[in-house]
Amino acid sequence: MKNQRSISLFKKANKLIPGGVNSPVRAFRAVGGNPLFIEKAKGSKIFDVDGNSYIDYVLSWGPMILGHAHPQIVKAIKESASKGTSFGAPTSKEIELAQLIQKAFPSIEKIRMVNSGTEATMSAIRVARGFTKRDKIIKFEGSYHGHADGLLVKAGSGATTFGVPDSPGVPKDYAINTITLPFNNIKLFKEVVKNNYKEISAVIVEPVIGNMGCILPIDGFLQILREETERYGIVLIFDEVMTGFRVSYGGAQAFYKIKPDITCLGKVIGGGLPVGAYGGKKEIMSMVAPEGPVYQAGTLSGNPIAMSAGIATLKELSKKETYISLENKANLLEQSLKEACEKVGVKTRFYRAGTMFCTYFTEIDVVDYETAKSSDTKIFSLFFKELLSRGVYIAPSQFEAGFISLSHSTEDIKKTKTAVYNSLKRIK
Ligand code: KE4
């Protein structure tokens, strides 16, 4: 696989941009080698600057659930852009996207658009603190909720990949307000809440964790989070930036039938453009300025082009049969990957929730940060490179989720199965 142009571009990028990338996990540091510079993408494929094409299971870390360059999304963006790119004033598109989201997430009575998942979670926590007048939050080890200071404590995603769960630059008096607990540990959660509830404003959770690979909640875990937070007047925040419209059209909360107080969204709702959102109970969201005293703002929040891309995406997703088709594709991929691993005799664990998934190179069940870290990242790196050489692009880190889109074909999945089988044969 020739990658001379990517190599020379990466050299140039490193002179101007920290690590040569605008987001750490793109730098391939966890797997080694030179990141691919992408020229274009269409449907399930991405094409790098050296003319190589790949079946894409990263999908821009989740947003491209319809596949790349979907005609309806491109059309909506072009039409919107031709009328101007930003006004710094309200538009009807913000109402339209809010209505589409509220229809899919009935727990969201009021919603504020922002520009990223980080902004969404950071703002949701500020509102929860303003609403409860308490300072502490609970998050779960290995979960990633964006890079706001108080959340970069035992974070997942890039932070775990680097093995630096607590980031330098986060003042210690920020971190002391963040309690981190093991995911899926019901007993410990109940104990910590019982002993500290008077100081705890919010529990923030990825209902399905997509930043330690893909980790599912054990039976009853989310229910307990809901019951205990209800009992002690703690705001339950579902970070559905990744799971929203991915686990189901109504996110993980619809799938697991749990109603959070606030939901954070991102990725899919922007159709590939920068959009995040947080919303939930009216009595909490009415705290947000200018309706209430909790300040939060953004020059490009609700940007008309981004709203248009989000509206086009959700309209496509809301069509009948879409999620049946997505489920069929994801299920076929799951069976294919499992068969390939079994045929070669490589021990793995595979987890999936809707169209997000992960294969761990481990022989133990993965239920939290510790067990996720038991997976063999050396084998993963070899696997990543072998797949890449066979035209399959998965996340360049064991601690990320994979994604499939509506545009992935049976042929793509067959090719992926063969590539997985041959890659594993080679590294076994
Ligand atoms: P952004 O600020 O990157 O838009 O969203 C932060 C965020 C919040 N919550 C969850 C559950 C998330 O998964 C994310 C971001 N996800 C990562 C992928 N693990 C984005 C990829 C990257 O950091 O480049």
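Residues are numbered from 1 along each chain as its sequence is written, and side-chain values use heavy atoms, with hydrogens and water left out. Because the model is predicted, local features need pLDDT of at least 70 and side-chain atom pairs count only at pLDDT 80 or more, while totals for chains, interfaces and linings use all residues.

A search of the whole structure finds 1 cavity of 30 Å³ or more. Here, on a 1 Å grid over the protein atoms alone, a cavity is a set of points where a 1.4 Å probe fits but cannot get out; a pocket is an open set with protein on both sides within 12 Å along at least five of seven lines; and lining residues have an atom within 4 Å of a point. Grid points are joined across faces, edges and corners, and a volume is the space filled by probe spheres set on the points. The largest cavity has a volume of about 240 Å³. Its lining is made up of 19 residues, and Leu337, Phe357, Thr359, Phe383 and Ile394 are those nearest the centre. Two or more lining residues come from each of α12 (322-344), β12 (356-360), α14 (377-389) and α15 (410-427); helices (H or I, at least four residues) and strands (E, at least two) are DSSP runs, numbered from the N terminus. By class, the cavity lining holds 13 nonpolar residues, 5 polar and 1 charged, where Ala, Val, Leu, Ile, Met, Phe, Trp, Tyr, Cys and Pro count as nonpolar, Asp, Glu, Lys and Arg as charged, and the others, Gly among them, as polar.

Turning to open spaces, the second largest pocket contains about 380 Å³. This pocket is lined by 21 residues, with Glu94, Arg112, Met113, Ser301 and Gly302 nearest its centre. Helix α3 (92-104) and strand β4 (110-114) each supply at least two of the lining residues. The lining of the second largest pocket divides into 11 nonpolar, 8 polar and 2 charged residues.

Helix α14 also contains Ser381, a residue that is buried at 11% relative accessible area; buried means under 20%, exposed over 50%, and partly exposed in between (1.4 Å probe, protein chains only). The Ser381 side chain reaches the backbone oxygen of Thr377 at 2.9 Å. Beyond its neighbours within four places in sequence, Ser381 is in contact (heavy atoms within 4.5 Å) with Ala30 and Val31.

The cysteines come next. A disulfide is a covalent bond between the sulfur atoms of two cysteines, taken here as a pair of sulfur atoms within 2.5 Å. The whole structure has 0 disulfides. Cys341 is buried at 6% relative accessible area, and Cys358 is buried at 5%.

The loop between β8 (235-239) and α9 (251-256) holds Val241, and Met242 lies in the loop between β8 and α9 as well. Val241 is buried at 11% relative accessibility, and Met242 is buried at 9%. Leaving aside neighbours within four places in sequence, Val241 is in contact with Gly117, Cys264, Leu265, Gly266 and Lys267. The C-alpha atoms of Met242 and Gly117 are 8.8 Å apart, although 125 residues separate them along the chain.

Finally, some backbone geometry deserves a look. Most residues other than glycine have a negative phi, and most peptide bonds are trans. The bond from Ala289 to Pro290 is cis, with omega near 5°, and Pro290 sits in the loop between α10 (282-285) and α11 (304-317). Lys257 has a positive phi near 55°; this lysine is in the loop between α9 and β9 (262-265) and is exposed, with a relative accessible area of 70%. Lys267 also has a positive phi, of about 50°. Lys267 is located in the loop between β9 and β10 (276-280) and is partly exposed at 24% relative accessible area.

Terms used
Polar contact = N/O pair within 3.5 Å; in protein donor to acceptor, adjacent residues only side chain to side chain.
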